[in-house]
Amino acid sequence: MASKSLKNLTAPLSGNNPVIVQILGICSALAVTVQLKPAIVMGLSVMVVTAFANLVMSLLRKGVPSRIRIIVQLVVIAALVILVDQVLKAFVYDVSKQLSVYVGLIITNCIVMGRVEAFALQNKPWDSFLDGIGNGAGYGLILVIVAFFRELLGSGSLFGYPIFEKLGLYELGYANCGLMLFPPMALIIVGCIIWIHRTINTNLQEK
Amino acid sequence: METLNLFIRSIFIDNMVFAFFFGMCSYIAVSKSVKTALGLGLAVTFVQTMTVPLNYLLNEYVLAPNALVEGVDLSFLSFIVFIAVIAAFVQLVEMIVEKFSPTLYNQLGIFLPLIAVNCAIMGGSLFMQQMVGAGEIRNVGESVVYGLGSGLGWWLAIVMMAAIRERLAYSHIPAALKGPGIAFIITGLMGIAFMIFSGIQL
């Protein structure tokens with residue numbers, strides 16, 4: 001694999017992360033992070049949709065007039081999301097119920113639309129596909145970090161396994177932080193991730 | 001009474017931004033001045049009030065099981081139908097406003113295309129579909145109320161955020177936290193404040 005293609009794959013993981021640097025796709029990101037399992041399923045779904053939307057739009061890029069490209073993109077993305085939704089309903093029904101409307105909201109997820117507009121319309125199919133995988137993975141990474149802290153501190157478990165109870169922390173007087181399970185804490189955790197990330201990558205700081 | 005309850009609930013308790021994170025992308029990007037925030041909020045409220053009832057009618061008479069043809073369930077098509085209605089409606093509004101009110105068009109113009117991909121609009125329609133299933137929205141009137149309420153809730157959130165960010169320009173924030181970082185944390189704190197409304201029943 002050429003190094004340029006590899007860069008398409010790895011850049012979105014940290015330096016050009018879609019959530020914390022490009023500030024895209026937060027809409028559907030945070031509500032699914034109460035537990036790790038739905039967060040991972042959501043991350044994978046977005047990765048699949050972004051990768052294939054990029055691939056399809058990159059193949060179509062010479063045939064679609066720019067005036068109607070938004071509607072073409074929406075149709076392609078919506079069709080992919082319907083496929084993902086049906087697959088989730090068929091194989092992981094309980095997670096699909098937990099994700100509720102957020103699967104449908106992948107359609108309006110700015111990451112998918114943003115990557116198609118910014119990348120797939122100017123690049124070759126294979127590069128676009130890798131870019132889609134990379135951005136989906138970067139999104140999934142943030143989801144997993146947020147979900148890890150929320151599930152661990154909020155309900156004392158990981159993947160539903162009661163880790164704090166097994167360690168015997170409750171007998172020592174530890175109590176779960178119920179606030180972690182409420183939506184506002186997801187925002188504050190993302191704020192802290194951005195803080196740490198920009199402290200390390202000083203070139204991203206705003207003047 | 002239940003309609004009023006739905007209205008209050010959709011503005012404060014189930015606030016689009018603080019409870020569900022809908023429309024966060026434009027919320028963070030456009031909340032830098034109160035004036036533009038007011039414009040975008042107005043546009044979102046308008047589109048939301050129109051598209052939620054439109055999608056309600058489609059959901060009721062086309063997509064629901066046995067609605068169009070006996071024994072056919074088209075509900076798997078709802079994503080694509082909803083987004084098509086929203087995109088078409090936004091396009092239509094843009095053309096009408098441009099034709100009849102150039103001043104308003106100049107103020108709202110840049111925001112209108114953004115709204116088609118605003119998660120708050122799509123989310124409103126998807127929640128409406130869920131609430132129909134749960135029996136909380138029973139007729140077109142209530143879907144209008146829900147659309148208006150959730151739009152106003154979003155408007156309220158973005159205007160408050162813009163007002164806070166205007167003041168924030170004068171405060172000393174750690175360099176790494178400037179911009180989106182502090183915006184997230186403030187939204188989180190505002191969300192905690194809005195939790196006070198939960199459980200209110202009229």
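Which residue forms a salt bridge with A:Arg115?

**View 1. The salt bridge of A:Arg115 and A:Asp131 in a predicted model.** The partner of A:Arg115 is A:Asp131, with 3.0 Å between the closest N and O atoms. A:Arg115 counts as buried at 10% relative accessibility, and A:Asp131 is buried at 3%.

**View 2. The salt bridge of A:Lys37 and A:Asp94.** Here the closest N and O atoms are 3.9 Å apart. A:Lys37 sits in helix α2 (residues 36-60) and A:Asp94 in helix α4 (residues 93-99) of chain A, a separation of 57 residues. A:Lys37 is partly exposed, with a relative accessible area of 42%; A:Asp94 is also partly exposed, at 48%.

**View 3. A salt-bridge network in chain B.** The network links B:Glu2, B:Arg138 and B:Glu142. Between B:Glu142 and B:Arg138 the closest N and O atoms are 2.7 Å apart. B:Glu142 is buried, with a relative accessible area of 5%, whereas B:Arg138 is partly exposed at 47%.

**View 4. The interface of chain A and chain B.** In this interface 41 residues of chain A are in contact with 40 residues of chain B. The two chains bury about 3400 Å² between them, 83% of it on carbon and sulfur atoms. A:Cys27, A:Thr108 and A:Leu187 supply 17% of the area that chain A buries against chain B. On the side of chain A that touches chain B, α9(A) gives the most, with 12 residues. By class, that side has 30 nonpolar, eight polar and three charged residues. The count of salt bridges between the two chains is zero.

How values were computed
Residues are numbered from 1 along each chain as its sequence is written. Chains are lettered from A and ligands numbered from 1 in the order in which they are written. This is a predicted model: local features need pLDDT of at least 70, side-chain atom pairs count only at pLDDT 80 or more; totals for chains, interfaces and linings use all residues. Side-chain values use heavy atoms; hydrogens and water are left out. Contact means heavy atoms within 4.5 Å. Buried area is the accessible area (1.4 Å probe) that two parts lose on being put together, summed over both. A salt bridge is a side-chain nitrogen of Lys or Arg within 4 Å of a carboxyl oxygen of Asp or Glu. Helices (H or I, at least four residues) and strands (E, at least two) are DSSP runs, numbered from the N terminus. Ala, Val, Leu, Ile, Met, Phe, Trp, Tyr, Cys and Pro count as nonpolar, Asp, Glu, Lys and Arg as charged, and the others, Gly among them, as polar. Buried means under 20% relative accessible area, exposed over 50%, partly exposed in between (1.4 Å probe, protein chains only).
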